[in-house]
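Please look over the sequence and the model first.

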Amino acid sequence: MGIPSFQTLTLPTFFFFFVSSYLLAYFRIFRNWDPKHRAEASSCFISLTHGTPAVFMAIHALTTHTSKSPSPPTFSSPNTFLHNTVLEFSISYFSIDLLHYLIFFPNDTLFILHHLATLYVFFTCRFIVHHGSFALLVLLILAEITSFCQNVWTLAGYRKADLPVAGKVFDLMSLPFFAFYTIVRGIIGPLFVYKMGVFYITQMAGDSIPVWAWVSWMIVIVTAILISIVWVFDHWIDWFKRRKAMNKLA
């Protein structure tokens, strides 16, 4: 097992960026919101500053080949500098959002455990194993490509009761967002994770990724996929119930 090494300033720089973004959202952008939604909206804001940029950063990292990165890359390829930069960007975001939940919503066990598990996977890949980032960046893209829609939809949901335009945005976005989320998290994601599992189980990773690492990563990833499927399934049920109620009133 390697010893974690912090060789660049990107991690503290990203950490400062997300702290600043959260404080800007909490004390300026959402300062007039009620306390509960003010904190939740601030979390959505830093998720917006992370999600879409992370997608483009990951795509750039995956499509930029160096002498250290074989072509085509595999699930056990060594991390490149760009791969590590994306991992540090996401580590910083999840660290700040974890602090948000610990301070404002300490009883939200599911989100806290999710963030801790995600940080574990990214941290061990970046600072201990130094291999396997290719697969994690693909999963990061799949996880964050829906981020913009989800955060706008969530913010609209917070204000739909007192702001008519927010209610319209919420209703308008629900169907396409759920459909997009279902395709990405319910179909593409599981197929990719299945390929990962086959790769690791058949020992194609060799000695590049220790067994303890890929087994624990797969447990976290599969659990996250299942939770995402349950989440969107529950929202589909709620959406159909609301549509049925609206049709009765029409």
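Which helix supplies the largest share of the nonpolar patch? That share, four residues, comes from H3.

## Basis of the report

The model is predicted, so that local features need pLDDT of at least 70 and side-chain atom pairs count only at pLDDT 80 or more, while totals for chains, interfaces and linings use all residues. Residues are numbered from 1 along each chain as its sequence is written, and side-chain values use heavy atoms, leaving out hydrogens and water.

## The surface patch

Phe15, Leu99, Leu102, Ile103 and Phe104 make up a nonpolar patch on the surface, with about 460 Å² of accessible area together. Such a patch joins nonpolar side chains within 5 Å, from residues with over 30% relative accessible area and no salt bridge (a Lys or Arg side-chain nitrogen within 4 Å of an Asp or Glu carboxyl oxygen). Areas come from the Shrake-Rupley method with a 1.4 Å probe.

Leu99 lies in helix H3, a helix being a DSSP run (H or I) of at least four residues. Because its relative accessibility is 42%, Leu99 counts as partly exposed (between buried, under 20%, and exposed, over 50%).

## Helix H5

Eleven of the twelve residues of H5 are buried, so this helix is largely enclosed by the rest of the structure. Among the buried residues are Phe134, Leu137 and Glu144.

Notes: Buried < 20%, exposed > 50% of the residue type's maximum accessible area, 1.4 Å probe, protein only. Helix = DSSP H or I, 4+ residues; strand = E, 2+ residues; numbered from the N terminus. Patch = residues over 30% accessible without salt bridge, like charges linked within 9 Å, V, L, I, M, F, W, Y side chains within 5 Å.
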